[in-house]
Structures are given as C-alpha cells and as structure tokens.
Amino acid sequence: MKYNRILLKLSGESLTGEKGYGIDEVRLNDYARQIKEAVQMGVQVGIVIGGGNIFRGLSGSQKGFDRVKGDQMGMLATVINSLALSSALTAIGQKNRVYTSIRMEPVGELYSKWKAIESMQNGEVAILSGGTGNPFFTTDTASALRGIEIEADAMFKGTRVDGVYTADPEKDPSATKFDTISFDEVYDRGLRVMDLTATTMCKQNNLPIVVFDMDTYGNLKKVLSGDNIGTLVHV
Ligand SMILES: Nc1ncnc2c1ncn2[C@@H]1O[C@H](COP(=O)(O)OP(=O)(O)OP(=O)(O)O)[C@@H](O)[C@H]1O
Ligand SMILES: O=c1ccn([C@@H]2O[C@H](COP(=O)(O)O)[C@@H](O)[C@H]2O)c(=O)[nH]1
C-alpha cells in the first residue's frame, strides 16, 4: 500500500449535492461510506472539510460583512459540516473524533497534532474542523497545514472535478487533464485548482497532492488502490 496516512480535503460546496444549498444527506452518506472503506483498507484518515456550502468570508465582505467576522462565520461553517460528517460516520459504525482549531468543548476537542495522530492510530477518523483558526485563509490551506503537521503521506483533494487541467474545466471545455504535474509547472501555467498559499505550503514541505473526483462513489478506494483516475501533483 502506497499510503499509510492521508489528509483528505472534502469540498464544502460539493456537500450541497442535488440541493444547491446546505447539506445533502445522500452526498454526506456517500462520503461517509467511502471514508469507512479507506479505514478498512488500513489507511489512517485525517479530514478537513470546507464551508463553502454555508458561508465564505470573501463573498460576505463583498456584501458588506466585516471580513474577519465573515471568515469566522466560514470557519464555524466548517465545524457544522464536520459535525454532520461525524454523525454520518458514527451512524455506519465508523469511529471518529471531531477536533476544533478554536476551543469550543463540548462541540469538539481542541486540536493538537499528537491527539489527532493518536486517534488515527486507534482506528478513528480525525475530523479537523475550524480551518486554521485564522481569518484570510481557506480550508485548502488548513488541509496543507494539517497534512504536514500530522505527517500525512499525501493530501487528497476530493473535489467535483477529476483532476488538474490545462485550464478550469468548468469554464473551458477544451481543457485537457494531467495524470501527473510538478508544483513548478502548476505555478508556470498559473493553474488554480488550489489557492497559492496551500500549493506553496505543500511544495515547501514535500507533501504531494492527489486531486480527484470525490463525488463519484468508489473513487477514494480506487485512488488508494493505485488507479490513475486523478492527478498527482509532485515536487
Ligand atoms: N486548472 C484547473 N484544473 C482543475 N480545476 C480547476 C482548475 N482551475 C480552476 N479549477 C476549479 O477548481 C475547483 C476546485 O477547487 P475549489 O477549492 O475552488 O473548490 P472545492 O474543492 O469545491 O472546495 P470548497 O468548496 O471547500 O472551497 C473546480 O471546481 C474547478 O472548477
Ligand atoms: O483557515 C481558514 C479556513 C477557512 N476560513 C473561512 O471559512 C470559509 C470556508 O472555507 P472554504 O475553504 O472557502 O470552503 C472561507 O471562505 C473563509 O472565509 C478562514 O477564514 N480561515
């Protein structure tokens, strides 16, 4: 097995599923089942989930919200999504624990690298909520940070596109997909599948990224089994 421990980044926006807003229980349960399968394969799983289905500070500030308060709302949105995922995992018998970047017991335990690693070693999924705890960041950057901290073998960016393309595939239908691409080429081509802060942290700390479509059931297992269905971003 190539991966002993992964940091799985889940898209908040994808959680809306067919609904267009909030949390679609079908999508949530799909994610939970895929994550349970990964643990059953012997992989230690840490998870960061976005909040874009509920609130983003940047969009809020364009509507007149204070940016810092808006970002705090966004970070709380990731806690809501994390609790939903925790509930779905528990319902199918998958042990898990929610950690928060900001103290808010009994909602979750205050995050520490050591507690999160211990959880994963005990077969629990560690759900790392609340982003970095700081405004002006994204959950992609939180994933890079936590992935490096927990010494993950890779960051798995499970999103709604099936890899990194020569251009945004949702805007340019002629874009073509990379099987692998180096961090330097991502910069040189100006590709924005993740924000630059997150990309730079991964590059500097030698954390490879696998971008894949998490919204198709079974894909997480396929990527972990070595199937070439996404894009590997490497140093
Ligand atoms: N070169 C590219 N290759 C692939 N996707 C790209 C590229 N450029 C832009 N994108 C866009 O990036 C998006 C995925 O990243 P993004 O972090 O914005 O969303 P997300 O994974 O849904 O996360 P969240 O909702 O948590 O913020 C895709 O939906 C795609 O449209
Ligand atoms: O470290 C962080 C992480 C997130 N935020 C805020 O939360 C929202 C939701 O996260 P997405 O990555 O966009 O899904 C984000 O837009 C920020 O407003 C943050 O401030 N700090």
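How many bridges join strand 1 to strand 2, and do the two run parallel or antiparallel? The legends below take this pairing first; the model is predicted.

**Figure 1. Strand 2 and its partners, strand 1 and strand 5.** Strand 1 (residues 5–10) and strand 2 are parallel and are joined by six bridges. Within this pair, Leu-10 stands opposite Ile-49 of strand 2. Strand 2 also runs parallel to strand 5 (residues 125–129), to which two bridges join it. Here Gly-46 is placed opposite Ala-126 of strand 5. A right-handed β-α-β unit is made by strand 1, helix 1 (residues 25–40) and strand 2.

**Figure 2. The buried face of helix 7 (residues 196–204).** Ala-198, Thr-199, Cys-202 and Lys-203 are the buried residues of this helix. They line one face of helix 7, because they fall within an arc of 130 degrees when seen down its axis. An α-helix has 3.6 residues a turn, so residues three or four places apart point the same way. The cover over the buried residues of helix 7 includes helix 5 (139–149), strand 6 (154–159), helix 6 (183–189) and strand 8 (209–213). Asn-206, which follows helix 7, has a positive phi, near 60 degrees.

**Figure 3. Ser-86 in helix 3 (residues 67–91).** Is Ser-86 buried or exposed? Ser-86 counts as buried, because it has 20 C-beta neighbours inside 10 Å, and the cut-off for a buried residue is 20 or more. Apart from neighbours within four places in sequence, Ser-86 is in contact with Asn-96, Val-98 and Ile-127. Arg-189 lies 103 residues away from Ser-86 along the chain, and 38 Å separates their C-alpha atoms.

**Figure 4. The surroundings of ligand 1.** The shell around ligand 1 holds 20 residues. The closest of these are Ser-11, Glu-13, Gly-50, Gly-52 and Thr-159. By type, the shell divides into seven nonpolar, seven polar and six charged residues.

Notes: Residues are numbered from 1 along each chain as its sequence is written. Chains are lettered from A and ligands numbered from 1 in the order in which they are written. This is a predicted model: local features need pLDDT of at least 70, side-chain atom pairs count only at pLDDT 80 or more; totals for chains, interfaces and linings use all residues. A residue is near a molecule or strand if its C-beta atom, placed from the backbone, lies within 6 Å of it. Ala, Val, Leu, Ile, Met, Phe, Trp, Tyr, Cys and Pro count as nonpolar, Asp, Glu, Lys and Arg as charged, and the others, Gly among them, as polar. Two strands pair if DSSP finds at least two bridges between them. Helices (H or I, at least four residues) and strands (E, at least two) are DSSP runs, numbered from the N terminus. A crossover is right-handed if, with the strands pointing away from the viewer, the path from the first strand over the helix to the second runs clockwise. A residue is buried if 20 or more other C-beta atoms lie within 10 Å of its own, exposed if 12 or fewer, and partly exposed in between; C-beta atoms are placed from the backbone. The arc is that of the directions from the helix axis to the C-beta atoms. Two residues are in contact if their C-beta atoms, placed from the backbone, lie within 7 Å.
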